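Here is a short briefing on one protein model.

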Amino acid sequence: MKTKPIIADPLNLDRAGITTVKLAATFIHVGRCGLVGTTIPRMTREMGINASTLCAHINTLQELKLIVAFSKSNSKGTARHYCVTIKGCTVLTQQPDFSMFQGAMEVGV
């Protein structure tokens, strides 16, 4: 299976309901973690974003059905893991629409 690069198009992100740069960064980070997923403590370390902000981002992305939790936290301190849904993967890998930029892809302009 050929992998698709995650180079998210800003218009696709906006159409999916992602309205801030930090929310987009969180979504892209989760997407790049693949099926292994990531946790909020790990994202806090890797991204340098406050845990409470990341919790809000995760909740928003779950409401938009772009990510899903695939393990539950428990009383022993195990954190939840999050990964993108099929809808989220489509948003992240959908090709940008260059039709509005007629000459942008021409060589030698």
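A nonpolar core is a set of buried Ala, Val, Leu, Ile, Met, Phe, Trp, Tyr and Cys residues joined through side-chain atoms within 4.5 Å. The model discussed here is predicted. Its largest nonpolar core has 22 residues.

**Core**
- Leu-13, Ile-18, Phe-27, Leu-61, Leu-66, Ile-67 and Leu-92 touch the most other members of this core.
- At least two core residues come from each of helix 2 (21–32), helix 3 (40–47), helix 4 (51–63), strand 2 (82–84) and helix 5 (86–93).
- Helix 2 contributes the most, with five residues.
- In soluble globular proteins, nonpolar side chains tend to be buried together.

**Leu-92**

**Thr-26**
- Thr-26 sits in helix 2.
- Thr-26 counts as buried because its relative accessible area is 0%, and the cut-off for buried is under 20%.
- Its side chain reaches the backbone oxygen of Lys-22 at 2.9 Å.
- The Thr-26 side chain also makes a polar contact with the side chain of His-57, at 2.9 Å.
- Not counting residues up to four places away in sequence, Thr-26 touches Met-43, Met-47, Ile-49, Leu-54, His-57, Ile-58 and Leu-61.

**Confidence**
- Mean pLDDT for the protein chain is 86, and 84% of its residues reach 70 or more.
- Among the elements, helix 4 has the highest mean pLDDT (96).
- Helix 1 (residues 10–15) has the lowest, at 91.

Key. Residues numbered from 1 in each chain as written. Predicted model: local features only at pLDDT ≥ 70, side-chain atom pairs only at ≥ 80, totals over all residues. Heavy atoms only, no water. Buried < 20%, exposed > 50% of the residue type's maximum accessible area, 1.4 Å probe, protein only. Helix = DSSP H or I, 4+ residues; strand = E, 2+ residues; numbered from the N terminus. pLDDT = per-residue confidence, 0-100. Polar contact = N/O pair within 3.5 Å; in protein donor to acceptor, adjacent residues only side chain to side chain. Contact = heavy atoms within 4.5 Å.
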